Amino acid sequence: MAQKELEKHFKELLVNYKVSRGNAGIDILKNTWKFAKLAHIGQKRLTGDPYASHSLAVAAILFSWKLDLPSIVAGFLHDTIEDGGAASKDIIGEFGEEVNRLVEGVTKVSNVRLRGSQDEEFIENLRKMFLAMAKDLRVVLIKLADRLHNMQTLYALPKDKQLRIARETLEVFAPLAERLGMGEVKAELDDLSFPYVYPEAYKKVKKLSIFHYKKAEEHIKKMKRNLLSKLATNGIEAKIDGRKKHLYSLWTKLERPEIRWEFGKVHDIVALRILVKTIPLCYSALGIVHNFYKPVPTIGVSDFIAQPKPNGYRSIHTKVFGPRGRIVEVQIRTFKMHEESEYGIASHWAYSEAKTRGKDDYFLEKVGVKASDDKLSWIKQLAEWQNEISDSKEFFRAIKFDALSSRNFVFSPNGDVYDLPAGATPVDYAYAVHTQLGSYIKGAKVDGKVVPLNYKLKSGQVVEIIKSKNPHPPRSDWLNFVVTNVARREIEKYLRKN
Ligand code: MN
């Protein structure tokens, strides 16, 4: 991509930004673009493009997810410290503390390098993600946008890197996007990784699916026409499209023992998606669908509006007998639910901001006033997500680390990760760090607050041992609460000797 073309892309982003959000922020974006180009001057991506093309692409993705201006700015700048020539103080000076915190957060999350086994790498990544997440979820969204663009340009990388990055995307980032309710992003990450991780399966599914997608689409066309007219007769305004199941998810379904590559058994290879304005209309539409196409017994209706999925997904799914008895899945939801299912948490955020700030939000930004309400809604939302994550066994299950859900991953103040069993205390932590440290325990802090030594640590916490000046013997009552073998052994050893 030549510089000229790059500038054209930047102008497009500016125009789109202006159309949807007004003039405030335009100068900041221009300034950011200049800064990013300067910080990456002379650097190229392996695709041969100037490095700044990546900065721009990431920022554009964040804009399309409707993230706020500081996130878009941080998207432009996310590699300027790590890979470019910028320093934190430059970013603070030009763009302020908030943007700098986001950039540093992304840098930290990206700093993870492969070491040890493959699982170790994934887990390490996850831990870092959690940590960053606890601070600001926008960091995670910037990282996802970064990964999405890196996947789109993965072809330019050497083979071994392609495999490592694609596998990590498939096993960590795509499930993370799903967990955040970003269905479209998950699908895109899956399908970008698929050919690198499972090349043979990819070729096979791709080749075989062409015919079946086409057949299913033709079939659905008739139903679509029919339903549109029935809905209209009943006074329901609706939009109907066919949703193609994405390739990777089609493959995992085909591999299921009850399917065994029988395409006819994949009822949602192309699903009919009905979008209406309100929740009551969803149920009216369901009635109309069932009036013409009978629901399939036992596998019929799933009502994710009454009972949303854990990631917030809402929709009614029904499997019906279509023309010629072919089973077809019909999904019914509101326009708002549809947007939420594409952008997930980002869309929730955009909505709550729009709601609290009203139409004058960009005016407020322009005059430098930030309604305190939107900060509030952001914090509230973050708290909700953290609650969900802290007890989310199902999250670990979703990312296939079953065995890990009973482990505690805690951090040292430097960010080193310690893997402790459930019920572990600061004393266990101290002995895990170094057996010598056990002789210097004076107290402990968790997330900056002093806690008793029998405190039960939880995943994601930062633990700090308050050290005594001089070594002293461990106390026998510690044996009442330590759970690790190392701690028990060391304490007992000392008590025996004395
Ligand atoms: Mn990057």
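Helices (H or I, at least four residues) and strands (E, at least two residues) are taken here as DSSP runs, numbered from the N terminus. By this definition, the secondary structure of the protein comes to 20 helices and ten strands. The model is a predicted one, in which local features need pLDDT of at least 70 and side-chain atom pairs count only at pLDDT 80 or more, while totals for chains, interfaces and linings use all residues. Residues are numbered from 1 along each chain as its sequence is written, and side-chain values use heavy atoms, with hydrogens and water left out.

Of the 498 residues of the protein, 49% count as buried, a term that stands for under 20% relative accessible area with a 1.4 Å probe, protein chains only. Among contacts (heavy atoms within 4.5 Å) between residues at least 6 apart in sequence, 66% join residues at least 24 apart.

Strands of a sheet pair through backbone hydrogen bonds, either parallel or antiparallel. In this model, three strands form an open antiparallel sheet in the order 9-8-10, where two strands pair if DSSP finds at least two bridges between them. Strand 9 (449-451) and strand 10 (463-467) each have a single partner strand and stand at the edges, so one side of each is left without a neighbour in the sheet. Neighbouring strands of this sheet are turned by 40 degrees against each other on average, direction ignored.

Strand 8 (residues 441-446) pairs with strand 10 in the antiparallel sense over five bridges, and Gly443 has Ile466 of strand 10 as its bridge partner. Helix 19 (residues 426-433) lies across strand 8, strand 9 and strand 10, and runs at about 85 degrees to strand 10; for such angles, axes are lines fitted to C-alpha atoms, for helices over the stretch in contact, and the values run from 0 to 180 degrees between N-to-C directions.

Methods. Buried < 20%, exposed > 50% of the residue type's maximum accessible area, 1.4 Å probe, protein only.
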